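Please examine the structure below with attention to its pockets and its ligand. The numbered points may be read alongside it.

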Amino acid sequence: MQNYGAPELEFDHGEGTYLYTNAGERYLDFGAGIAVNSLGHCHPALIKALNDQAHKVWHTSNLYRIPQSEKLAARLAQLTFADRVFFCNSGTEAVEAGFKLIRRYQHAQGNHQRKRIIALGEAFHGRTLAPIAAAANPTHTDGFLVGDSGFDQAPWGDIDAVRRAITVETAGIIIEPVQGEGGIRVASEEFMGQLRQLCDDNDLALMLDEVQCGIGRSGTLYAYQQMGISPDVLASAKGLGGGFPVGACLTTEKFASPMTAGSHGSTFGGNPLAMAVANAVLDEVTSPGFLDNVNARAAQLHSGLAALVEQSPHLQSVQGLGLMVGLMCNSDAAELNKRLQAAGMLVVKAGRNSVRLLPPLTVNEAEVNQALEILSEVLSAWQ
Ligand code: PLP
């Protein structure tokens with residue numbers, strides 16, 4: 001199908017923060033497959049985990065116990081607010097699972113009319129039917145939806161507007177603590193606290209979409225852990241598999257208990273290959289010093305970019321948290337993206353005329369300096 005346009009660039013192999021074409025051209029990868037390659041390309045621990053598991057068993061289905069998924073679930077529960085985890089294969093499925101359990105929870109309380117979920121700002125929650133209905137971005141919904149599918153939208157950062165959007169039919173609220181596709185935007189601690197309070201006061205579920213900002217990218221394992229709140233439901237994916245497709249929906253016992261046997265499922269979800277890799281990712285991300293590197297590289301990148309914003313008329317501001325960084329542009333962001341690619345550096349275009357810098361979390365000091373140099377040269381040469 002033609003739904004991805006017609007990109008020309010292709011890669012043969014990768015190593016760490018670099019990707020290489022067949023012709024041997026090297027690209028500095030500050031896109032990481034849209035925040036997926038958390039440990040860079042071909043990390044030895046991931047290659048080993050995948051190969052070791054490949055020699056044992058690839059897939060058995062959830063008709064049987066999967067020790068690797070029990071292990072990963074227990075570790076995620078231990079590291080977060082969660083008591084229960086459901087595994088799937090992508091971010092959109094993790095979000096779908098969250099929507100289902102929120103509705104099911106309200107249903108189990110006898111609140112049968114409470115099915116609607118409020119999404120915030122220029123959200124992005126995935127491409128299956130419920131997440132596109134939640135985000136209500138016309139580019140993504142045009143021609144696909146029947147009715148409003150049970151979602152409402154409120155503006156970002158405006159707690160009064162969120163309060164006004166709540167009705168007797170509202171079941172929960174979903175927010176990306178750091179917005180990605182819509183253009184990098186960090187929720188304030190105050191706003192997150194107000195959302196938590198609103199949910200508590202109205203018995204609504206607070207769901208976080210940490211598909212993009214989770215697994216260390218924000219500088220903590222999950223971004224909410226530096227925002228002074230605890231959610232009821234959290235969707236995780238992307239960096240959790242480091243390039244192997246995996247998603248996870250985390251929740252508390254309270255919200256998980258109505259999800260009885262047979263109420264939800266996935267053939268591939270939590271399969272041994274995915275779980276072996278995700279456990280290896282978690283080994284690295286939770287190893288001593290790993291997040292220190294994320295935070296040190298983030299500080300280096302943010303201050304370097306702030307200096308470039310001062311110097312270049314093409315740039316408006318730098319925003320973000322940890323190694324999830326947005327450059328808001330005065331000139332066309334797509335053009336900046338193109339010029340950077342031509343200069344051997346990969347970034348990702350985002351909404352509100354911005355580009356995202358999402359390097360592997362293993363990026364080193366020299367590579368951040370190289371990125372800043374390429375950016376500086378490209379911006380100076382751009383009349
Ligand atoms: N939620 C957020 C915040 C995302 O950034 C994405 C993907 O970009 C998704 C959900 C959907 O994830 P996936 O493409 O793995 O379905």
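This is a predicted model: local features need pLDDT of at least 70, side-chain atom pairs count only at pLDDT 80 or more; totals for chains, interfaces and linings use all residues.

1. Residues are numbered from 1 along each chain as its sequence is written, and side-chain values use heavy atoms, leaving out hydrogens and water.

2. The largest pocket has a volume of about 1500 Å³. Its lining comprises 42 residues, and those closest to the centre are Y4, G33, I34, E181 and K238. (A pocket is an open set of points on a 1 Å grid over the protein atoms alone, where a 1.4 Å probe fits, with protein on both sides within 12 Å along at least five of seven lines; lining residues have an atom within 4 Å of a point. A volume is the space filled by probe spheres set on the points.)

3. Why does the largest pocket lie between domain 1 and domain 2? Domain 1 (13-30 + 288-381) and domain 2 (45-285) both contribute residues to its lining, so the pocket lies between them. Domain bounds come from an automatic or database assignment.

4. Helix 1 (32-35) gives the largest share of this lining, 3 residues. Helix 4 (91-108), helix 12 (333-342) and strand 16 (348-350) are among the elements that each supply at least two. (Helices, of at least four residues, and strands, of at least two, are DSSP runs numbered from the N terminus.)

5. The second largest pocket has a volume of about 770 Å³. It is lined by 27 residues, with N62, V85, F86, F87 and H264 nearest its centre. Helix 3 (67-79), strand 4 (84-88), helix 4 and strand 12 (247-251) each give two or more residues to this lining, and the largest share, 4 residues, comes from strand 4.

6. Which residues surround the ligand? Among them are S90, T92, E181, Q212 and K238 (a residue counts as near if one of its heavy atoms lies within 4 Å). An oxygen atom of the ligand is 2.8 Å from a polar backbone atom of T92.

Terms used. A polar contact is a pair of N or O atoms within 3.5 Å; within protein, one must be able to donate a hydrogen and the other to accept it, and residues adjacent in sequence count only if both atoms are side-chain atoms.
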